[in-house]
Amino acid sequence: MRFEFASIVVRLVRFLAPYRARVATAYVAMITGTLLALIVPAIIGWAVDVGLGTAAGAEAAMAVPGALAAWAPAVARAVGGAASAGREILLAAAVVVVAIAAVRGVLGFAEMYLGAWLSQRVAYDVRNRFFAHLQHLSFGFHDRAQSGDLMSRAISDISKVQTFLGEGLLEAVNVPILFASVAVVLFRAEPALAVVALSPLVLLVFVTLRFGQVIEPRFKAVQDQEGVIGTRAQENFTGMRVVKAFARERWEVARFTDANEDFYRRRTRAIAAFADFFPTMNAIVVLALVVTVAYGGRLVVDGAVTPGTLVSFTFWIALLGAPTQNLGFLVNRSSEAVAAGRRLFEILDTPSDIVERPGARALPPLAGRVTFDHVDFGYGERPVLHDVTFEAEPNQVVALFGPTGSGKSSVVNLIPRFYDVSDGAVRVDGHDVRDVTLESLRRQIAMVLQDTFLFSATLRDNVAYGCLDADEAAVVAAARAARAHGFIEALPDGYDTIVGERGVTLSGGQRQRVAIARALIMQPRILILDDAMSAVDTETEHEIRAALSELMRGRTTFIIAQRLLTLKNADVVLVMDQGRIVERGTHADLVAAGGLYARIYELQLRDQERLAGAGR
Ligand SMILES: Nc1ncnc2c1ncn2[C@@H]1O[C@H](COP(=O)(O)OP(=O)(O)OP(=O)(O)O)[C@@H](O)[C@H]1O
Ligand SMILES: [Mg+2]
């Protein structure tokens, strides 16, 4: 667990690698600033001892003020002179303190600016990587993943990594450096007093470690729940029509409130840990000051240390106050970032199940022969297809027919290699689909998927989606063939009409026709229509099919449909049942054979024949 924590931190830090120079500059600025800050208490102590004459002539306990003593008259003259040696020293001390503050201001700007720049830049890089990786993950991954959860990772988790890697990490490095150098300075100034002053601070280490242990699981819990809330909300917004149709608003609100309340409770638990932590840390610093003053005061009275030294000590201890407070944020930020990083790496480390073989070659232009060779397939453990074997010749129209859930969509999903077979092989023109590059394969196949998805963009862009260099004429030709041109032209904005999210501003049939146009414009060698015309009327389907048979000359077409005309026009019908091809042949053969197809024909399809006959 600890080891994993460290390894995630290391992996997060690696995101900074491309920006080494800026990282180095930021750290140099920060460390220089911290070291300069340490000089100020020494100067003040010196000013007290020498300037106020409380320990006149005492040899300077500290090297820096020692050197300063020599310059003091010159510095004082430069700013206008002083009446006495004591005033000279006070003036010189003041000037140097102001100068240090000015330099620290510049360094602080560099540190803050670069810290913020780095965190924004890393967030930019990680967002891009995350998005790109999701594009390459397989259908299998996206079947399981929930888009709300992915959104929460892409937005909220990345922003947590972002704050940590910039300012957070700088602070994480700064705090130990500050503590260590304060300890060194204290010991050099007065070892006995240093031991007393620092001893309460040892508690800090324990309290901070303990806080880390308590807070980390609580933050992981918060972030997980954030994913749940994201998923609930996203699902609800997507399914709003179903919610309303079933009048389940109240139930949905209750369900969301539950998740939200859980989120709130987890957050409060995390905050409670904070509320505990901050006063404790504050008390420890105050304790250190108290013992310093109590013990140091006695040493001053005994004449063992100068008053200036005691003053310096209190200033040094006070320097630790703010960073100690920050320690809480720091621990919190790093544990948040590690929890977030873990969730990001969970995705980034997921390999795609569908990967190209090393040395996979681009598929040459296809004739369109598709072969299934004893294919077995399952989405997970459960087998879905058993021993599916067939061959589709170029130019053929193959219809897949069978009861719902019999595996028709599963068969066609294997052709563009959305999933891999568990046994056997799928070949196009004799090439195993696993041996060729995915892009060259999928460029030659166009699909109209069973559930139509349109992007919230113009109709033109939706049609041209797979073929971005398509000109207006190509878009119109595809839309005409899909019988979409007519209704698109009738819209006030024509092809510039922006369809709502997922195309909801269109009717189901219109949506399908746009999706068909989107497939046709690709001029694919293999065309797959998965229930692509279920929402268009018989008449329109007939027209589309007429246009298709023009367009599809020399192309192989797979068509999943329940309509008699489609089946009659297919060169071969594959009848599927429970993941097997149980019959095959032309419509006429199958009716004559008197099997499953013939039975379904008698029960359902015959009616269509009469209707279709009447319709024409
Ligand atoms: N993405 C998936 N993950 C897991 N199982 C799936 C997935 N898609 C389909 N299945 C399962 O595989 C089996 C075959 O489904 P498939 O979608 O191929 O049927 P179909 O013949 O296309 O049905 P329909 O006519 O209803 O579209 C079903 O039992 C289904 O539950
Ligand atoms: Mg299906």
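These legends describe close-up views of a predicted model.

**View 1**
The chain has a mean pLDDT of 86, and 92% of its residues reach 70 or more. Residues 56–63 fall below 50, and this stretch has 12 contacts in the model beyond near neighbours in sequence. The domain assignment gives domain 1 as residues 2–348. Domain 2 is made of two segments, 370–444 and 561–616. Between the C-alpha centres of domain 1 and domain 2 the separation is 63 Å.

**View 1**

**View 2. Helix α9 along its length.**
Helix α9 covers residues 249–301. Its 53 residues should span 78 Å at 1.5 Å a residue, and the end C-alpha atoms lie 77 Å apart, so the two values agree. The buried residues of α9 are A270, A273, F277, M281, V285, A288, T292, G296 and V300. These buried residues pack against three helices: α7 (191–238), α10 and α11 (321–348).

**View 3. The loop after α9.**
G303 follows α9 and has a positive phi, near 80 degrees. A304 sits in the loop between α9 and α10, the latter being residues 307–319. Is A304 buried or partly exposed? A304 is partly exposed, because it has 13 C-beta neighbours inside 10 Å. Along the chain, A304 and E190 are 114 residues apart. Their C-alpha atoms are separated by 9.6 Å.

**View 4. V95 in helix α4.**
V95 belongs to helix α4, residues 85–136. With 16 other C-beta atoms within 10 Å, V95 counts as partly exposed. V106 lies 11 residues from V95 along the chain. The C-alpha atoms of V95 and V106 are 17 Å apart.

**View 5. H374 in strand β1.**
Most residues other than glycine have a negative phi. H374 has a positive value, near 45 degrees. The residue is found in strand β1, which runs over residues 370–378. H374 is exposed, because 12 other C-beta atoms lie within 10 Å.

**View 6. Q578 between β9 and β10.**
Q578 is a residue other than glycine with a positive phi, near 50 degrees. Where is Q578 placed? Q578 is in the loop between β9 (572–577) and β10 (580–585). With 13 other C-beta atoms within 10 Å, Q578 is partly exposed.

**View 7. Helix α15 and the residue that follows.**
Helix α15 takes in residues 472–481. Its buried residues are V475, V476, A478, A479 and A481. R483 follows α15. The phi of R483 is positive, near 60 degrees.

Definitions and conventions:
Residues numbered from 1 in each chain as written. Chains lettered and ligands numbered in written order. Predicted model: local features only at pLDDT ≥ 70, side-chain atom pairs only at ≥ 80, totals over all residues. Helix = DSSP H or I, 4+ residues; strand = E, 2+ residues; numbered from the N terminus. Buried ≥ 20, exposed ≤ 12 C-beta atoms within 10 Å, placed from the backbone. pLDDT = per-residue confidence, 0-100. Contact = placed C-beta atoms within 7 Å. Domains from an automatic or database assignment. Expected span 1.5 Å × (residues − 1).
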